[in-house]
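Hello,

Here is the structure I promised to pass on to you. Could you open it alongside this note?

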Amino acid sequence: MTYRPHGQHLVAGRRTGSHQRFESRTVTGPAHSFCNGGAEEIDSAVRAAEAAFSAYGQSTRAQRASFLEAIAEAIEARAEDLTTTVMSETGLPQARVEGERGRTTGQLRMFAAHIRDGAYLDFRRDEALTERTPPRPELRLCMRPLGPVGVFGASNFPLAFSTAGGDTASALAAGCPVVVKGHPAHPATGELVAEAINEARVACGLPDGVFSFIQSADRAAGEALVTHPLVQAIGFTGSLRGGRALFDLCASREEPIPFFGELGSVNPVFVLEAAQRARGAAIARDWAASLVMGVGQFCTNPGVVVLQEGEAAEAFIAEAAAALSQVAPQTMLTADIATSFKTGVDALSAAGGTVVCRAATPEDRQAAPALLRTQADRFLAEPHLAEEVFGPLGLVVTVSSREEMKTVAEGLRGQLTCTLQLDQGDHDQAQDLVPVLERKAGRLLVNGYPTGVEVCDAMVHGGPYPASTNFGATSVGSLAIRRFLRPVCYQNMPEDLLPQDARTAS
């Protein structure tokens, strides 16, 4: 690794230290020491963000678009250092890192184009009706930024969901200053990206407090961020347990704020009868391949598949087991994630999941695929079987009838995705399932697999709880900007007092 981290925070454009420190835990290369921030550093960063909001919240869409594009360019200028740094800290392969970097810069540029267009402002105007009884005043509506936003870096996407990820990009696009709490699994990566953002901020002449980055390896900084009275919203991607704790803190504040958390999903795949008979073996192989992609460390990992019991189901299970058994143990993002995966497999087995295949792992930070099976009645009766286990774990749920498959669908908690594998002869059954599944998930797929989330206008990456804490929002796609805006109505407001985006000439 050619980049040598300085190990400090970046608060309002300045590198700052703190007394406590923590060591990174790398896969390859030397570990480094990083400052461990807490309430004091968070307070400085948030107060700077609030001070910057008066100017940044009134900046033009063109200014913010140029800023986002400058961030993308600064990240690309660090491409080589980023690749080696991410690989060292996470064990991710080069192709994955480079692809994720492209997604990160791509979504920054997408939001730049999105705000230049201006349609996201949902501008509305009702002319004054002075002759009406009673008279109607002139009314204009325009979406406006919330204020300082706190963002938590994610462990599984060190670039696309972290320091300059979708939460940061959409909040900056909206006109909100951002304070990022970096993830301790990849602190050098976070530092590098933070430096890129700050370089772009300076080049664009924006206030110091528009962006800050706090390193932290414990809960103090995160709790301080969500409870700070000047923070107006939180973006989070992580575990159900950690996210729910932060959500509760946001709700218990004297002034509650929205917590946009993406927490957990098993992303069930329903294999319908005709498709199962015609191409069950191919579906089994493709499902297994999706299951182990990235060592199963995607929030859209298809962890549950639902099948009609019988010979076709047994053939499906055998085919999937054969495919998974050929996958060697792989390095996970952190040792803690690897430990949690192994504990999770044990927990599902104890809850009633029968192990079909499970290989041993030679190293603590590695994981090998595991396949379990259970029946629908057991799955519905034991909530633990429907909980996400982060990693390459698949659970097959067999049902006795179409009606029982629908009952399984009705019993699901909120999901990011639900998938239907179907052929032409399955449309009647699918029509029965779709109204159920669209209440359960933010994205419904047919004859595909949910791993791989396209960054575009129509994407929804969210869903009913516990998939996310706000089912009316998405953390991926251009609609993500709506999380950090609120509608303001201006009544009889003189033109020169209106924000630029609400003026007739805008």
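This is a predicted model: local features need pLDDT of at least 70, side-chain atom pairs count only at pLDDT 80 or more; totals for chains, interfaces and linings use all residues.

Residues are numbered from 1 along each chain as its sequence is written, and side-chain values use heavy atoms, with hydrogens and water left out.

Let me begin with helix H10, residues 311-325. Helices (H or I, at least four residues) and strands (E, at least two) are DSSP runs, numbered from the N terminus. The 15 residues of H10 reach 21 Å from first C-alpha to last, close to the 21 Å expected at 1.5 Å a residue (that is, 1.5 Å times one less than the number of residues). Its buried residues are Ala 313, Phe 316, Ile 317, Ala 320, Ala 321 and Leu 324. The buried residues of H10 pack against several elements, including helix H9 (273-292) and strand E13 (304-308); contact means heavy atoms within 4.5 Å.

Next, the sheet. Seven strands form an open, mixed sheet in the order E15-E17-E18-E13-E12-E19-E20, where two strands pair if DSSP finds at least two bridges between them. E15 and E20 stand at the edges with a single partner strand each, so one side of each is left without a neighbour in the sheet. Strand E19 (residues 415-421) pairs with E20 in the parallel sense over five bridges, and Thr 419 has Leu 445 in E20 as its bridge partner.

Finally, the cores. A nonpolar core is a set of buried Ala, Val, Leu, Ile, Met, Phe, Trp, Tyr and Cys residues joined through side-chain atoms within 4.5 Å. The largest has 96 residues, and Phe 67 and Phe 270 have the most contacts inside it. Its largest share, eight residues, comes from helix H2 (residues 61-77). A second, separate core of 22 residues includes Val 11, Ala 49, Ala 221 and Leu 246.

Best wishes

Key: Buried means under 20% relative accessible area, exposed over 50%, partly exposed in between (1.4 Å probe, protein chains only).
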